[in-house]
Amino acid sequence: MAEEKFVPKKKTYVEDIERTLYDIKDEDHSVYKTQSGLTEDIIRDISKRKNDPQWMLDFRLKSLAVYNSLALPTWGPDISELNMDDIVTYVQPDAKMTGNWQDVPADIKNTFDRLGIPEAEQKQSLAGVGAQYDSEVVYHSIQDDLVKQGVIYTDMETAIREHEDVVKEYFMTLVPPKDHKFAALHGAVWSGGSFVYVPEGVHVEIPLQSYFRLNAAGAGQFEHTLIIVEKNASLHFIEGCSAPKYNVTNLHAGCVELFVKEGARLRYSTIENWSRNMMNLNTKRALVEKDGIIEWVSGSFGSHVSCLYPCSILHGENARCEFTGVTFASKGQNLDTGASVIHAAPHTSANINTRTISKAGGMATYRSAVKVTRRAPFAKCSVNCESLMLDNASRSDTLPVMDIEGDEADIGHEAKIGRISDEAIFYLTSRGIDEDEARAMIVRGFVEPIAKELPLEYAVEMNNLVNIELEGTMG
Amino acid sequence: MAELKTFSRIPMRTWRWLGVNESRIPADINEHVKTQKILVEAGKEDEVVLTQREGGQYELQVHIEEGAKLHLVNAQLVPDDALYTCRVKVFVGKGATFAYTVVEAGARHTATELHVDLVGDDSKADVWGLYFGDGESVIDLNYVIRQGGRRTDANMQVRGALLGKSEKIFRGTLDFLEGSKGSVGREDEEVVLLSPNVRNRSVPIMLSHEDDVDGHHAVSVGKMDEDKLFYLMSRGLDLAEAQRLVVEASFNPVLDRIPDAELKAEIDTYLQRRLSNG
Amino acid sequence: MAENLLEIKDLHAGVEGKEILKGLSLSVGKGEVHVILGPNGSGKSTLMNIIMGHSKYEVTSGTMSFEGEDITGLKTFERARKGLFLSFQTPEEIPGITVENMIRTSKQAISGERVKIVPFRRQLKATMEELKMKPEYAERYMNVGFSGGEKKRTEILQLLMLNPKLALLDETDSGLDVDAVQIVSEGVAKFHNEDNSCLIITHNTRILEKLKVDRVHVLINGEIVEEGGPELIDDINRRGFTHILDAQAEK
């Protein structure tokens, strides 16, 4: 007459989360695709089609040479499934960049409608919107009052034409192509992305959002995001990404370079929900000057493999980094995420706070590096990472490194790994809450410190995801 | 710089630029390894105290059978111009306990690997380590506890202090293997940095392939607690004396485990002397 | 005697093959207040957990019924929905779930109806005031960073908000200072009425001062060895359990 234990009776794992919204594929409407693979001819072809200035063509070719000279990383998830010969690096959609949704081809517009982008823009919850479809940005807008204050928000191609000097000064200086193989790849084939310039003292009160959608099967997306927030200015930038699921490998190797000047503040929020055939090998870096603040909010839910470790270089005195991240790895996913912080000036400080969940055979790794150089006395850094495992088919690893020089640093690190405790379930069920809901509540509570940092729509999305992921899985 | 070769590897690799993936030792080190085997038969209890006073390469192979207990004390006090490596491999059977007290205090270059396999159900590892670096010494440690049995219990407590231009890497791994249901693991490292020219690398790793575990790790690196120093100085100690006392206090939980009073006193005096020279 | 609310008959139960309750029988009538006394380790907390259906414990024989219905096979949340409530000796910390969210979710789960936010908040605020809890605690995560006294008050807050039929109070007064015991016992007294019953484990008679105790049971080594009226409390307070244990040994 033993009481039934709360062990799963019938594990009806959801094969893939309910992604209908993201999974609707449009027909292939590209006007042009390069051949698959990576050769000098392909690079020249992309460059010509994009009307690159000569210096950019040179940059691409140099990056290709670097790409060919570098080996794959010897650590992290297995990416041997990725065969560059099969990847189409440039897919030009049948749409010209416009500032009017009416001019965007109907099914591309429908895709963004489903994702709620034009709606958010209309409701004034976004001050500017960029929408990229495959390799090119098809829509870009910004509120007039921001333009009047000198704020620039446009696609990278327009930025090269209209603000060539600025782009030339900053482009891939923070993430140089030689940084690693996929940075070099990005340098060679990059296309699309966003350019933001916030002049001194200007506060952009409402967020800007760029959304990246990859529709073509077997394609790569290599958007470049370059943001410069000048002295005492501020900005909140939101990046969203998704793709429908295919049974061939897609590749995302974007690059984000953020320049936070003296006394400036930038919040960079990302929700990544790529389909589970995506290799997401993304590079993000911020350079923060005196009294500047970078805030990262990062949600990793999708993709087959992810390597994502936003890096903050605290370059000026009192520069600060706040990193908040959540990763949910389910069946067929290997999500290797984390952060790195380089303290390169006195009195710099950082807080890293992450939660990872693994389930149904998913693998989640928290990886980080905190480096305190000799130039950074009185650096302070505190790291807190917690991992929750929902079953023993899954994996959860934590691999932080702290590298500290000098004797004036104050570094603390704490990590926990475990499962939902039976006692917590008992407590909640003793209040009349059923077992599934009790588990869902505990998981939601676990990610709550992160969820409250997300933009509202995304927090709702994350909650739905937790509910869907936990439904019916607990018996 | 002299040529180096790999002595030990981290269980899971990470960025190369951090230089923590391998523990490297001078290639021209004497190849001779002094090996010692320790067997504790089922149900027995033993205590072994080793003091290494000569540089060179050492290896300890430890086998603790079902229900047995071993306390191994391994104090490294080799001359400060010597090279020292030590590899300790430990097999822990069902219900057996491995208690380890290790002091890494001498040598110009120390590289040690501790590899504990908690194979049996209800096996236990209780590891307490202390390291001390000064001058230009290099301390390179790689401790791994693999928890394979059910309800295993791992505890890794490491305390250290760095002076002069010393450099240290501590990798501490708790690896919960699949099937290690009901296991718990705890790892703490506390490092005090006492000179602007030191470099400290800490890598607390936790790997888990089992959900029914409870793992926890924490690292704290930095200056001494100013309130503590203030308290001691308000009692008349100068800064150097107060610092010495605080470092001593952090070492004591490790030193107190050394059963041999003479050895304990020797290490104490040794550390005191080096602390006051720093 | 009033109509029986909880009826336990010849209950044998334990954990991992070890028997802790060895044929325990107990009944609590509607509107009654019962007290269980017993030395540490006698099985008092185990009994509370088993009544609430903790999966860690195995019931090997005997029955438990609530309002005439056998609940032995019911899950914890089903028992809670029937009107059982356990005030935990060490309440769990649930990070990320606020006190307000927790109580509202429970109330909805138990009543099966949507709880309207405005009246709920009003009631919550008033009840917190009665328990001298700061209103900001409604927004704090369940028991995270709470002192012992705050945790116990939060248990009583849930008791009053959920208004069950039977409150199982497992040392709700332990580790509290005099003022806190006062607040908690006022809370329990407020809960108790002719319909609502209490089964109380305590080492402290102060919590009972505002209640009329109907029956006292002495639990030793997994069995009820003595029962009586409230006078038994004073008796135990004066003489301890030793004489009962001795009498047991003689038997």
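1. Strand E24 (residues 395-405) of chain A runs antiparallel to E15(B), and 7 bridges join the two. Strands count as paired if DSSP finds at least two bridges between them; strands (E, at least two residues) and helices (H or I, at least four) are DSSP runs numbered from the N terminus.

2. Which chains share the most contacts? Of the 2 pairs of chains in contact, it is A and B. Chains B and C have no contact, and their closest C-alpha atoms lie 14 Å apart. A contact means C-beta atoms, placed from the backbone, within 7 Å.

3. Helix H10 (residues 422-429) of chain A is largely enclosed by the rest of the structure, because 6 of its 8 residues are buried (20 or more other C-beta atoms within 10 Å of a residue's own, placed from the backbone). Among the buried residues of H10(A) are Phe426(A) and Tyr427(A). The buried residues of H10(A) pack against helix H11 (435-451) of chain A, and also against helix H2 (76-82) and strand E7 (94-98) of chain C.

4. A note on reading: residues are numbered from 1 along each chain as its sequence is written, and chains are lettered from A and ligands numbered from 1 in the order in which they are written. In this predicted model, local features need pLDDT of at least 70 and side-chain atom pairs count only at pLDDT 80 or more, while totals for chains, interfaces and linings use all residues.

Technical notes:
Buried ≥ 20, exposed ≤ 12 C-beta atoms within 10 Å, placed from the backbone.
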